Amino acid sequence: MQCGSKGSNLIPSVVFTTLFCLAIAVLTSSIWSASYLENAIISLGYGYSAVTCSWLVKRFLPKIAQLNLVAVGLSLVGAVCLGTLNAYLWLKQYPGFDEWQGLKPILLLGLIFTAISFYFFYVQEKQFLLQQQVEQAKFEKATQDKALIESELKQLQSQIEPHFLFNTLANINVLIDYDKNQAKEVLDKLTVLLRGSMSRHRERQVDVASEIALIEAYLGIQQVRLGERLTYNIDIPAELDTFHLPPYLLQPLVENAVIHGIEPSVAGGHIQIKGRVEKGGCTLQVIDSGGGFGAVENEIGAGHGIGLANVRERLSTLYGKASSLSVSAGQEQGVVSTIILPSPINKEV
């Protein structure tokens with residue numbers, strides 16, 4: 001059967017055909033006086049002839065095999081002829097079956113059962129091919145989505161947000177006249193940030209320690225700009241330093257905490273970055289004590305929720321349901337952003 005399927009498997013067809021024919025033999029043995037063994041051999045003759053003819057058509061007539069209905073018809077004719085010949089050889093010893101008239105009922109039943117068998121396999125094959133097409137379409141879409149995410153990531157890695165860069169350079173220019181040491185410190189941090197961004201242009205994953213190093217440089221620059229309004233601390237255990245994750249996964253969360261949490265607040269606030277290794281996963285958190293969801297929703301409503309959406313999409317594409325990003329209100333105020341990654345975190349996604 002399965003004449004048109006390139007991936008058809010002969011063994012499952014033979015197994016199913018054997019079971020089907022043995023079941024048919026139970027029915028025919030109740031009609032004819034011959035033993036069950038003889039009925040089973042005749043039934044199997046039709047079934048195995050069908051499988052053999054289908055295989056021969058597929059093997060030696062590939063162009064016809066692509067025409068499913070034509071291939072099925074050709075295989076059916078061959079199967080009925082061979083099956084009837086096998087039936088004649090086994091039944092000719094019985095009176096009445098040694099002539100053509102006696103074989104007509106055998107031929108009719110063989111044709112009906114063989115046709116039913118072929119129809120079943122034809123329907124199954126159509127469903128199998130349809131399922132293959134659906135799975136292939138899903139795979140291609142997932143591949144395209146992943147390629148798009150990687151393309152967007154490379155674009156993100158190749159540039160730093162222009163306003164942040166210009167503001168930092170302007171701050172350095174002002175600090176040169178008033179505090180050269182602090183100007184040098186900001187310039188050093190900007191250099192770290194730029195060098196890190198350039199070195200990651202072709203990297204698909206980085207360790208947590210290098211990701212935190214860039215975040216520290218970013219927060220150090222923002223701390224100079226915001227002064228006492230911004231404080232921060234980083235609590236990442238040493239065992240987490242060598243874990244790998246996609247670059248710039250935490251950066252958007254930290255930027256949101258600064259821009260949408262701390263900066264709009266007159267009193268400023270504190271940012272805490274935490275990490276922990278748990279059984280079956282790794283958890284990273286960015287916690288701020290800024291304006292909370294009220295301020296964040298206003299900013300997102302103005303079109304600034306792209307960072308969170310990109311993080312969620314990247315997690316979904318790279319890790320599936322094994323990862324997640326959740327954003328919730330802090331215990332007193334502010335926002336808590338939590339990323340859960342699968343463990344171990346492989347160097348290649």
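Which strand pairs with strand S5 (residues 281-288), and in what sense? Select residues 335-342 as well: this is strand S7, which pairs with S5 in the antiparallel sense over eight bridges. Strands here are DSSP runs of E with at least two residues, helices are runs of H or I with at least four, and both are numbered from the N terminus. Two strands pair if DSSP finds at least two bridges between them.

You are looking at a predicted model, where local features need pLDDT of at least 70, side-chain atom pairs count only at pLDDT 80 or more, and totals for chains, interfaces and linings use all residues. Residues are numbered from 1 along each chain as its sequence is written, and side-chain values use heavy atoms, leaving out hydrogens and water.

Now click on Asp-288, which stands opposite Val-335 in S7.

Next, show the whole sheet. Five strands form this open, mixed sheet, in the order S2-S4-S5-S7-S6. At its edges, S2 (230-235) and S6 (324-329) each pair on one side only.

Then select helix H8, residues 208-226. H8 packs on the sheet and touches S2 and S4 (269-278); contact means heavy atoms within 4.5 Å.

Stay on H8 and pick Gln-222. Is this residue buried or exposed? Gln-222 is buried, with a relative accessible area of 3% (buried means under 20%, exposed over 50%, partly exposed in between, with a 1.4 Å probe and protein chains only).

Residues of H8 that make the contact with H9 include Tyr-218 and Gln-222, and on H9 they include Val-254 and Val-258.

Definitions and conventions:
Axes fitted to C-alpha atoms, helices over the stretch in contact; angles between N-to-C directions.
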